[in-house]
Amino acid sequence: MCQFVGDLQSSTGSLIGLIMQTSLFIMVVVLYSLCEASSTPGREICDVFPKNQLVKHGSDVVISFRAPVHSVCHNKTGFDPSRVSWKLNNRMIADGYYNMTDDSTFSVSIPNFSLATGTVEFLMDGHVLSGTLIRTYSIPQNISCIGNLSGSLNCTWDHDQYTTNTSYEVVLELYDVISRKCLDKKFCRSKGKSCKIEEINFKDTQMFITVIAETPAVKATSAEVTYDSLFATVKLNPPEKLTVEPELNGLMVKWYSQMTSEVSFEVRLLAAGSEPVVKNVNYSQETTIKLSEIKECTNYSISVRCKLGVWSEWSQNVTHLSYLNVSNVQINLWRSRSVADGKGKRRVHLMWKGIPPSCKAFDEYRLFYRRSHIKTLYFSLYKNHTFIYLDENMHTITVAAFRNNTSLAEASINIPSTEDDLTLPPLNNVRMSAGGGQIYVTWDKPNLTVSGYIIVWNSTEQNHMWQHTEETHFSLKGQNFTLYTIYLTALYKNSPVGEMRLHAYAQEKAPAAVLNIRAEDIRDRKVEIHWRPISPTECCAFVVNYTVFYKAQHETGFRNVSVDKNQHSVMLDNLKPSTTYSVYVQANAAAASSKSNHYTFSTKTYGEDYLIGLIMCGIGLILLPVFVVFIIVLQKKYVSEKFPNPRLSSLSMWSTQKCKNPWNHLAMPWDCESEKILKCQVEAEDRDVGKLTARAADHSSTIQETAMITTPTAAEKENAVLVRPNVLELASHDKEEKRQPLQPVDHQTSQNRPGLHTQSPYRIQSPVTSPVDSPKRTFRGTAKPRSSETEMLLKPKSQNTALPTTYVTVDMFEKVKRSTK
């Protein structure tokens, strides 16, 4: 225990000693650094200059960075221009504004510095080494001073304040025009951007005005403004108490002015759609002027101003309507072409142009026409058209304006009878366009001589206007987004003929939205979408076409299909079964488009097309085996190679050539030439020959049969008899087998007798030796190689027989009951 305590004390003492030595070393290093720094007081550092600039708003700024050769940053970084960059408010400045004075000084130029404050930083390899703050100030601008005859001057100005702690001082210097000496100097202080200077003498003095903006950081002095005299700044107050009274031949205008000196006045008249007219008036303290040569029943806006060295502002406008001279009133009446209703009546549209309702010069319109008696219709001041029904006779229509039951003006028109009313086709090549708020209509002059044209237009059912012209063009100034209906009619002998109706917009916007979207005939992969078409009379554009947008719920983008404006349905195909779709219809006009609300529908799981396809596939699968069997039967019957049935064969004579050429053994009877007597050797099949030879060698006997063939007579050809040997012995399993000979059979009647068969001439026949080297069998024009069986039959025989021998296979004959012995 004592040993442990001693070791612990020893370790603690060592640790304390080490700490003391380290602290001493640090203190020495710090003192050395301080001494080194104090021993070189002129040592330079790396920094940006000038620091914290205050520059005029919009001026050019140059910032530099100096790194002396013996500075610490220069030695550590090794300056390279490619590593230098500058930033303004954390945004890189283009290197085109960089500059290098020497190898230790870099600078950047910032033209037209227009920020309130800005931080400029110098970077080396993207690391900031130093920076500075730049602030701007602006000077007061747009100084304007207005003087008053009482001897005061009110000045205003504009200034961009970057701090609320800004005050202004206006300095006014008055100079003698001749001696150029300063006569007086006045000051005005303000916290706002205006200031009023009092007690200024009206002398022949020149004024110089400056405005100083003061902030805690800077004083900004404006440019100097010069006025030749105080009168140059004076503006008079406009006249007061302006009144206008209408008279029969003009307007009486009155006003009042506070000016006691001689002043001049001007009266300005402005009518709607006309240029202003200014009248000069001589001075009087209470001025009155009568304005003549004005339009009747017209609204005029009137204002007055005065002048005393300088002009005052115009007074407020006063608007008044001029009187109407009733003796000059004229009414024009027009009627459209009558339309028969099939009941002996005609519907006629009457329109008239009379006194503007704003004149209020009359009380009502009255329309007179004779039906069974004279009938009178009454209309208000604002009514300018009506529809009446007439019979087939001629009628005279009269419209009159009445005031106090007295007719002020009237107009009449004759409507011919039904028989005399002309019927002509409408005008040709009518063209319509719109632009700049105007609607333009042009047409071709007809071949028929006409006295003019009538153009009727209306924007509503109550607002009908019309105009008579002899030109073949017409323009109408219309309101934007308003539908106008225009009727164009030619006049022939003062009767309307060939009326044509047009629709036009002076300016279009988006058309009305499509409504009543519905899905019909919904299937698994297609659907028919219907919607209600937009009428041409609906606001506010003509539809050019419709576009149907649709997509499934899981799809991100819409598919679309467009149709003509006259088509109001579309078939959507290539859809997915049992899927929900969203669809909307967009109406497209020349200027804009409008979209309908979204409509959703779901396709069916299995539709008619799917079921029809499934049924057709089933029927196809069922008919496929039948079709295959049918093809096989046809192939066997008409295509496959046919072999004759020995039972159905007949006896025929072989020619000498056929005996020599064993490969033409299938010749048909009608191909045979004239027959001759010859001996032919008919060999059995290879397997039978081998058996027969083997048995003959074992028993030292041979089975021979000699057939003598003689030339038949004509009678014998009809009843050919097949002669067979009495007994045919064949070796079979070391025994002889005998068969009973066949009875003579008539080959012509053998087909009708069961059990009887004739010998077929279409059997394999070959001579003892092959007459050709490479025989081939030709069937239907195609050469076929010989079979192995044929090759064996064509081998030469080892023994030559003196007599021709005939070998007959038992397969040639129909199997009969065998007799054994």
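## Close-up views of the predicted model

View 1. Five strands, in the order 2-9-8-4-5, make up an open sheet in which the pairing is mixed. The edges are formed by strand 2 (53–56) and strand 5 (91–92), each of which pairs on one side only. Strand 5 is joined to strand 4 (residues 84–88) in the antiparallel sense, over two bridges. Within this pairing, Leu88 has Arg91, in strand 5, as its bridge partner. As a general point, the strands of a sheet pair through backbone hydrogen bonds, either parallel or antiparallel.

**View 2. The whole chain, as context for the close-ups.** This is a predicted model, and the protein in it has seven helices and 52 strands. Of its 821 residues, 34% are buried, and the accessible surface comes to about 51,000 Å², with 52% of that area belonging to carbon and sulfur atoms.

View 3. The largest nonpolar core holds 44 residues, and the members that touch the most other members are Leu153, Trp255, Val267 and Ile302. Apart from this core lies another, made of 27 residues, among them Ala361, Leu390, Val399 and Ala409. In soluble globular proteins, nonpolar side chains tend to be buried together. When neighbours within four places in sequence are left aside, the contacts of Leu153 include Cys145, Ile146 and Gly147, as well as Leu172, Cys195, Lys196, Ile197 and Ile200. Also in contact with Leu153 are Met207, Ile209, Leu230 and Thr233.

View 4. The structure holds 16 salt bridges, and one of them is formed by Lys185 and Glu173, whose closest N and O atoms are 3.9 Å apart. Because Lys185 lies in strand 13 (residues 182–190) and Glu173 in strand 12 (residues 167–176), the pair ties together parts that are 12 residues apart in sequence. Lys185 is partly exposed, with a relative accessible area of 42%, whereas Glu173, at 18% relative accessibility, counts as buried. A salt bridge also brings together the side chains of Arg189 and Glu214, at 3.9 Å from N to O. This pair links distant parts of the chain, with Arg189 in strand 13 and Glu214 in strand 15 (residues 205–214), 25 residues apart. Arg189 is exposed, its relative accessible area being 57%, while Glu214 counts as buried at 18% relative accessibility. Arg189 and Glu214 also belong to a network of salt bridges in which they are linked with Glu169 and Lys219. In general, side chains of opposite charge can pair when their charged atoms come close.

**View 5. The salt bridge of Arg559.** Arg559 forms a salt bridge with Glu555, and their closest N and O atoms are 3.9 Å apart. With a relative accessible area of 29%, Arg559 is partly exposed.

View 6. Asn458 lies in strand 36, which spans residues 452–458, and Asn458 is buried, because its relative accessible area is 7%. Not counting residues up to four places away in sequence, Asn458 touches Asn463, His464, Leu483, Tyr484, Thr485 and Tyr487. Tyr546 is found in strand 43 (residues 543–552) and, at 1% relative accessibility, also counts as buried. Although Tyr546 and Val514 are 32 residues apart along the chain, their C-alpha atoms are separated by 9.3 Å.

**View 7. A nonpolar patch on the surface.** Together, Ile612, Ile615, Met616, Ile619, Ile622 and Leu623 form a nonpolar patch on the surface, with about 620 Å² of accessible area. Met616, one of the residues of this patch, is found in helix 3, which covers residues 608–639. Met616 is exposed, as its relative accessible area is 53% and the cut-off for exposed residues is over 50%.

Key. Residues numbered from 1 in each chain as written. Predicted model: local features only at pLDDT ≥ 70, side-chain atom pairs only at ≥ 80, totals over all residues. Heavy atoms only, no water. Patch = residues over 30% accessible without salt bridge, like charges linked within 9 Å, V, L, I, M, F, W, Y side chains within 5 Å. Areas by Shrake-Rupley, 256 points an atom, 1.4 Å probe, with all protein chains shown as cover. Salt bridge = Lys/Arg side-chain N within 4 Å of Asp/Glu carboxyl O. Helix = DSSP H or I, 4+ residues; strand = E, 2+ residues; numbered from the N terminus. Buried < 20%, exposed > 50% of the residue type's maximum accessible area, 1.4 Å probe, protein only. Core = buried A, V, L, I, M, F, W, Y, C linked by side-chain atoms within 4.5 Å. Contact = heavy atoms within 4.5 Å. Pairing = 2+ DSSP bridges.
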